[in-house]
Amino acid sequence: MAKWKRAKAIAAVTMASAMVMTTPVWAAEEYDLNNPPVVDTEAGQLRGFMNEGTYTFLGVPYAQAERFQAPQKVEAWDGVRNAQSYGTICPIQNQTSVGSDEFVWPHRYWVQNEDCMNLNVWTQSLDTEAKKPVIVFFHGGGFTNGSSVESAAYDGKNLSEYGDAVVVTVNHRLNVLGYLDVSEYGEDYQYSGNCGTADMIASLKWVKENIANFGGDPDNVTIFGQSGGGCKVLNMFATSEAEGLFDQAVVQSGGEGHIDQDIAKKVTAKTLEILGISDNEVEQLKEVPYDTLDAAATEAQKQVGEELGTSVGWS
């Protein structure tokens, strides 16, 4: 095995020396802390860092959106944008107790902001011709909680090294921000009931358009997710706009999940009622503080569920 590894390394160095690179490629032993790796994306350049031979780019914006509206491409920026720390995660309910699984699955909570559409990339090469397999991870937590940094296990470095692959983890809108269906109240909100899903599709489009600059093959993309993330993977199969954006999929313990549209509309109507917002004042929903909005929607789900004799959630 040791001889095989040495042979593989020698072959890789020989092949690399024979290539004519159009963009710089850093080797771990040549890495200069004062000259961190920089890559080009459609929106602009990103500055990452090396972690024991793995190129790492964190908090990379892949889309932007107003509350309850579809994601749009990120506005281009000038200069080099820092991508050396995690981006913000989607707001979630205040956590007031320790989870029963905390011993085996310690949670990490991070800075929260509605502008949470960002992703993280780990890769072994920045050679645009490397064409390494790409693995995109959707986190668990149902459609309510969680983030790409919720667990230390979500760090993609080890998987990237082990599989010599480009690993991507994604943050997207959740709970009331990602799935409250306000589509009946204006054309601007026609995709509101699936904003979280639209975000994930936007992340896959970003991968398709940019991942070659991180050494990845845009035509060899595997998506996978655990628990709620597995459900998100299944939703990609049911979403026509995701067609052609991934090639393989892995579902880890997740099942199919969706909200009946009639029930979703009842939840929205009840949410407006609880907030004291009339049908012709829906614009006010954009100004309601997140905690107030989420509490109203959670209470609406409870009341609608009691009325229908079922449990109502976001999936």
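This structure holds 7 aromatic pairs, where rings of Phe, Tyr and Trp (its six-membered ring) pair if their centres lie within 6.5 Å. It is a predicted model, in which local features need pLDDT of at least 70, side-chain atom pairs count only at pLDDT 80 or more, and totals for chains, interfaces and linings use all residues. Residues are numbered from 1 along each chain as its sequence is written, and side-chain values use heavy atoms, with hydrogens and water left out.

**Aromatic pairs**

- Tyr86 and Trp110 make an edge-to-face pair, with 6.3 Å centre to centre and 85° between the planes; planes under 30 degrees apart count as stacked, over 60 as edge-to-face and the rest as tilted.
- Both partners sit in the loop between strand 5 (80-82) and strand 6 (118-123), yet they are 24 residues apart, and the pair links distant parts of the chain. Helices (H or I, at least four residues) and strands (E, at least two) are DSSP runs, numbered from the N terminus.
- Tyr86 counts as buried because its relative accessibility is 18%, while Trp110, at 38%, counts as partly exposed. Here buried means under 20% relative accessible area, exposed over 50%, and partly exposed in between (1.4 Å probe, protein chains only).
- Phe137 and Tyr154 form a tilted pair, at 4.8 Å centre to centre and 55° between the planes.
- Phe137 belongs to strand 7 (residues 132-138) and Tyr154 to the loop between strand 7 and helix 2 (157-163), so this pair ties together parts 17 residues apart in sequence.
- Phe137 is buried at 6% relative accessibility, and Tyr154 is buried with a relative accessible area of 7%.
- One aromatic cluster is made up of Phe57, Trp206 and Phe214.

**Charges over rings**

- Arg81 lies over the face of Trp77, 5.1 Å from the ring centre; a charge sits over a ring if NZ of Lys or CZ of Arg is within 6 Å of the ring centre and within 35 degrees of the ring normal.
- Lys232 lies over the face of Phe143, at 5.8 Å from the ring centre.

**The second largest pocket**

- A pocket is an open set of points on a 1 Å grid over the protein atoms alone, where a 1.4 Å probe fits, with protein on both sides within 12 Å along at least five of seven lines; lining residues have an atom within 4 Å of a point.
- The second largest pocket has a volume of about 1,000 Å³, a volume being the space filled by probe spheres set on the points, which are joined across faces, edges and corners.
- Of its 41 lining residues, Asn194, Thr197, Ala198, Ile201 and Glu241 are the closest to the centre.
- Helix 4 (195-210), helix 5 (228-237) and helix 6 (261-275) are the elements that give two or more residues to this lining, and helix 4 gives the most, with 8 residues.
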